[in-house]
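Morning, everyone. Please have a look at the model on the screen before I start.

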Amino acid sequence: MRNTMVAIESIDALVIGGGVVGASIAYGLAKSGDRVCLLDEGDDAYRAARGNFGLVWVQGKGFGNPDYARWTLRAVAAWKAFGQELADETGVDLELQQVGGLTMFLEESELATKARQYAELREAVGGNYPYEILSSREVQKLVPQTGPDVVGAVYCDRDGHVSPLRLLRALTQAFKQKGGMIMSGARVQHLEYEKGGFSARLANGQTVSAAKVVLAAGLGNRELAPMVGLSAPVKPNRGQILVSERVQPFLAYPTMQVRQTKEGVVQIGDSKEDVGFDDGTTLNQLARIAKRAARCFPLLAKTRVVRTWGALRVMSPDGYPIYQQSTSCPGAFVATCHSGITLASLHANVLAPWMRGSLEPGDIRTFKAERFDV
Amino acid sequence: MFRTIAIAEGVKPEMIEISVNNESVQIQAGLTLAAALLDAGVHTFRFTPVSGQPRGPLCMMGVCFECLVEIDGMPNQQACMQEVVPGMRVRMQVGAPLLETTP
């Protein structure tokens, strides 16, 4: 794909970044009729798209930011139809399960603090916010394999999970089926704005131009954004994961730290480290994650770990999205977020129409970079 | 399908006995379990949890995870990563193993 001749005149939009955020937006643009060229750095990029937990998740999002809680609720409500749309378009089974989700607690005081935060959030969004605090007995009823150390859990009936790899596969396939072009191995080094258009210079010297450009390059947005009058002060935050052998289903509900895929694999995680651009794994973090998981579900103590990996989250200073059009370079957009999987439904079907020229959705009004200037 | 390459002229390989699916089998010492099973005519090692299809070894070097069998009661063992041991009890896997609950 690197040496493909690209018909420059015919491209309406460049999307920079072929992860789930970029592919969702690119798909949304393409299916509405835009000629879109997706520029992806390559499969050896940091790729938050392949380093996440696959959660389609409401709970825990937006404490202190009801706008984000509402945006999340909207995304999750739209996910079933979005998943069906992709499945119908591509035939890919996303393994989407929206049966409810749990966050398990091992300390009473932590659960009590969390319960207070949820009560405040429920009030802040006007009372309609779905969550329940479950006792340990109630958790045992949902998941019989829950260990005695678990003191309770937060349960949200809207929560679920999906296969992130199949999601990216379906998005790229659907994008291509709608006429989209993907250039892989196409790392954008420089962006130029000249009256009415943008040109992206690739590492190999090639230039690709279009009237619009969408920055969806994850950690790469930090460098690209200022080139077109935008700001995306994102930083990496590492998470480490253990992946188990396939075992018979025992966990019907995804949890924040442990989930079981349709094929029987148990994925275990939940760590946050500020280590710069290092996506490696460390024994002490993996051990801590494993120990905690075994306290939640003691039968995991006998499970064999097949592989481990680390990945970098894309974090804005407050963890909330930036969805913004440049004023100095109109036609340039930036889209960055932490929850690219959960928000994929809205990225494809709400952000993309806005980027094509529809009125900016009121829901994203506050997700602008100016909020970081104190 | 598989034929053992002779080790050397006139050298008789040491034979040991293991149990495969509850039947006694004589196999050559020093082989990996995967090689020994293939040599003994066992080509289906398991049925996958995803589709129920039969599977056997592919890479013979520990990266494909297709040669999974139960050895001495422990499931999901890579047969290509273990040398045969006299008295080994090997059983074919059907689907995913069940995690035991703690006593």
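I will take chain B, then a sheet in chain A, then the interface.

Ground rules. This is a predicted model, where local features need pLDDT of at least 70, side-chain atom pairs count only at pLDDT 80 or more, and totals for chains, interfaces and linings use all residues. Residues are numbered from 1 along each chain as its sequence is written, chains are lettered from A and ligands numbered from 1 in the order in which they are written, and side-chain values use heavy atoms, with hydrogens and water left out.

Chain B. What does it contain? There are 1 helix and 8 strands. Helices (H or I, at least four residues) and strands (E, at least two) are DSSP runs, numbered from the N terminus. Read from the N terminus, the order is β-β-α-β-β-β-β-β-β. The C-alpha atoms of chain B fill a box of roughly 50 × 30 × 20 Å along the principal axes.

Strands E1(B), residues 15-20, and E2(B), residues 23-28, run antiparallel and are joined by 6 bridges. Two strands count as paired if DSSP finds at least two bridges between them. One of the partners to look at: B:Ser19 bridges to B:Ser24 in E2(B). The hairpin has 2 residues between its strands, and B:Asn21 in the turn has a positive phi of about 50°.

Next, an open sheet in chain B. Its 3 strands run in the order E4-E3-E8, with mixed pairing. E4(B), residues 54-55, and E8(B), residues 93-94, are the edge strands, and each pairs on one side only. Where is the parallel part? E3(B), residues 46-47, runs parallel to E8(B), and 2 bridges join them. There, B:Phe47 has B:Val94 as its bridge partner.

Now chain A. Here an open sheet of 3 strands has the order E4-E6-E5, with antiparallel pairing. Its edge strands are E4(A), 101-105, and E5(A), 132-135, each pairing on one side only. The twist averages 25° from one strand to the next. E4(A) pairs with E6(A), residues 152-156, over 5 antiparallel bridges.

Axes here are lines fitted to C-alpha atoms, for helices over the stretch in contact, and angles run from 0 to 180 degrees between N-to-C directions.

Last, the interface. 14 residues of chain B are in contact (heavy atoms within 4.5 Å) with 14 residues of chain A. The two chains bury about 1300 Å² between them, 59% of it on carbon and sulfur atoms. Buried area is the accessible area (1.4 Å probe) that two parts lose on being put together, summed over both. On the chain B side, the touching residues divide into 9 nonpolar, 4 polar and 1 charged. Nonpolar means Ala, Val, Leu, Ile, Met, Phe, Trp, Tyr, Cys and Pro; charged means Asp, Glu, Lys and Arg; the others, Gly among them, are polar.

Thanks.
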